[in-house]
Every structure is written in C-alpha cells, then in structure tokens.
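Look at the fold shown below. The briefing that follows goes through its sheets, hairpins and helices by topic.

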Amino acid sequence: MNLNAEHISVSLTGADIVKDISIRVENKQFVGIIGPNGCGKSTLLKSIYKVIKPQKGTVFLGDKDVIKSSARIVSKDMGVVGQFNDLSFDFTVQEMVMMGRTPHKQLMEADNAQDYKIVANALARVNLTEYADRSYLTLSGGEKQRVILARAIAQEPKFLVLDEPTNHLDIKYQIQILSIVKSLNIGVLAALHDLPMAAAYCDILYVIKDGSIIASGSPKDVLSKELIRQVYEIDCELYTNPITGDLAIAYLPLNL
Ligand SMILES: Nc1ncnc2c1ncn2[C@@H]1O[C@H](COP(=O)(O)OP(=O)(O)OP(=O)(O)O)[C@@H](O)[C@H]1O
C-alpha cells in the first residue's frame, strides 16, 4: 500500500517544527527517516499517524485520506509502533497484543479462536510466547518494545509506521525487530537513529534537518561523510564492512 504525504507543515506553540515536508512510500518499500535529535522526525510521523493534525498538507494511504478519515478506519490498514508506550493501567502481555485486533472487530465483539491464534503467532514472532500472562508494566523497556511490535503484527496492517523501534533494544533484538518488520513485506516508514542499520534495511532514506528534508534517495546515494557532517556535526569515514559488504561508519572523536 502506498503512502503519500504532501506538503506537511506542523507548528507547535508558535514554533515551525515540520516545514513543508513531502514523503512517498511506494508499495512494500522500507523507507527510513533520519536526522538529529529534535529535527522533527516524531512530529512528522505523528502527523502521519493522526496524533497531531498538521496545519498544512495531505496524507493518503492508498486512496484513503488519513487526515479526514476516522482513527478506526485508518487503523484497519496502518499499524504504529510509537516511541513511548507506557500505560496508566496494567494489562497482561496477551491482552496488550489482543488490542491489535480491535480495528477488525465490532463494538463489544468477543475475541475468537482466530484472534487468539493471531496473537499467539505474533508473540512467537518476537520471542515472547512465554510472556503471555506477564504484566506489561513489569517488563523491561526492550520487552515492552517487542510487545508493541507484536501488537502491530496482530493488527495485520498493510502499512507500518515506526518511531525509533529499536530504542531500548540490545543488538540482537535491534536486528531481530528490523528483520521481522522487513519480512512483513508491507510498506514501512521508520524513524531510525542508527545509520548503518538504516542503510542495511531501508530502500530509501529521507534526511531531515531543522524540520526540512535536505536529502533523499537510496542509502548509498544519500549517506556521505559530507552529509553526516552537515546533519550531525560529526566527522566520520565511510567504508564497506569487509565481512557483510554493508556500509560501515567510523565516527571520529569530537574536539570538545
Ligand atoms: N507539543 C510540543 N510543543 C512544543 N514543542 C514541541 C512539542 N512537541 C515537540 N516539540 C519540539 O519539536 C522539536 C521536534 O521534536 P520531535 O520529537 O519531532 O524530534 P525528533 O526528531 O523525533 O527527535 P528525537 O530524535 O530526539 O526523538 C523539538 O525541539 C521538540 O522540543
């Protein structure tokens, strides 16, 4: 399913945070958004998944107008793994993941055997089968992150938005989460911090600085030491990892 966000502008408390950004995710592409802390990645994603209403711009998922459609309608197609997933009330892991089934049910419709099967499969996918009866609030940050991904998988979305999905995760689970997301074979828009990881998993990268896109294209075309210096204010050398053949980055010390 294609996502087409055009001319998105968001101002918060008088400050222009997202400035006329357009982003396109073609069917089944994995598209990454990179940029330094505070550049507007989360704000842009929130305006795409309906938490913030942008002052200007349009968002279409397939032929559905995301901004004008109800959250319930959009959630039939769009899954979201946000940055902060804390709750005021406690639920079991299984209950949390079952919430992913809500968009597909009528009001008060009971969970059926098929829902339980989908939830069990989603938990297995993120290696949390044994955690089904655990209290969500007692989990570590990384375990919570995997539960939220399982919830999104149980939702069976046609498009997934991820805001720094590998926060809190150790290296094995960073790789696992991105590999699972890739294997879903649906359109993905993800804000990512780790540049080599973004290069390895994304078909297209958009680079944001101060609320504007300053570069976009394939990771190979976009990532250069000049761009990384311009965006992150750090010197580096890029090279090809001799073992994996992937892009690798050696960051050079800051002169403090
Ligand atoms: N509700 C708000 N009111 C005022 N300013 C806000 C609000 N939400 C976010 N901002 C500001 O907007 C800017 C962009 O924030 P955003 O969370 O989009 O950045 P980000 O690129 O996702 O950063 P990070 O990589 O640190 O998660 C920041 O300066 C932030 O302080």
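Strands β4 and β5 run antiparallel and are joined by two bridges. Two strands count as paired if DSSP finds at least two bridges between them. Helices (H or I, at least four residues) and strands (E, at least two) are DSSP runs, numbered from the N terminus. The model is predicted: local features need pLDDT of at least 70, side-chain atom pairs count only at pLDDT 80 or more, and totals for chains, interfaces and linings use all residues. Residue numbers start from 1 along each chain as its sequence is written.

**The four-stranded sheet**

- Strands β4 and β5 belong to an open sheet of four strands, ordered β2-β1-β4-β5, in which the pairing is antiparallel.
- At its edges are β2 (15-25) and β5 (64-65), each of which pairs on one side only.
- Strand β1 (residues 3-12) runs antiparallel to β2, and seven bridges join the two.
- Within that pair, isoleucine 8 has isoleucine 21 of β2 as its bridge partner, and leucine 12 is opposite alanine 15 in β2.
- Strand β1 is also joined to β4 (residues 56-61), by five bridges, and these two strands run antiparallel.
- Here alanine 5 has valine 59 of β4 as its bridge partner, while asparagine 4 is opposite phenylalanine 60 in β4.
- Phenylalanine 60 also stands opposite aspartate 65 in β5.
- As a general point, strands of a sheet pair through backbone hydrogen bonds, either parallel or antiparallel.

**Two hairpins**

- The hairpin of β1 and β2 has two residues between its strands, and threonine 13 takes a positive phi near 40° there.
- The hairpin of β4 and β5 has two residues between its strands, and glycine 62 takes a positive phi near 60° there.

**The six-stranded sheet**

- A further open sheet has six strands in the order β6-β7-β8-β3-β9-β10, and its pairing is mixed.
- Strands β6 (78-81) and β10 (212-217) are at the edges with a single partner strand each, so one side of each has no neighbour in the sheet.
- Neighbouring strands of this sheet are turned against each other by 15° on average, direction ignored.
- Strand β3 (residues 30-34) pairs with β9 (residues 204-209) in the parallel sense over four bridges.
- In that pair, the bridge partner of valine 31 is isoleucine 204 in β9.

**A helix pair**

- The axes of helix α4 (residues 113-125) and helix α5 (residues 141-154) come within 8 Å and cross at roughly 140°.
- That angle makes α4 oblique to α5.
- Axes are lines fitted to C-alpha atoms, for helices over the stretch in contact, and angles run from 0 to 180 degrees between N-to-C directions.
- Angles under 35 degrees count as roughly parallel, over 145 as roughly antiparallel, 65 to 115 as roughly perpendicular and the rest as oblique.
- Ile118, Val119, Ala122, Leu123 and Arg125 of α4 meet Ala150, Ile153 and Ala154 of α5 (contact: C-beta atoms, placed from the backbone, within 7 Å).
- By class, this contact of α4 with α5 has seven nonpolar, no polar and one charged residues (Ala, Val, Leu, Ile, Met, Phe, Trp, Tyr, Cys and Pro are nonpolar, Asp, Glu, Lys and Arg charged, and the others, Gly among them, polar).

**The whole chain**

- The chain has nine helices and 12 strands.
- Its radius of gyration is 19 Å, close to the 18 Å that the globule rule gives for 256 residues, so the chain is as compact as a globular protein of that length.
- The radius is taken over C-alpha atoms, and the globule rule is 2.2 Å times the number of residues to the power 0.38.
- The C-alpha trace of the chain spans about 55 × 45 × 35 Å along its principal axes.

Terms used: Contact = placed C-beta atoms within 7 Å.
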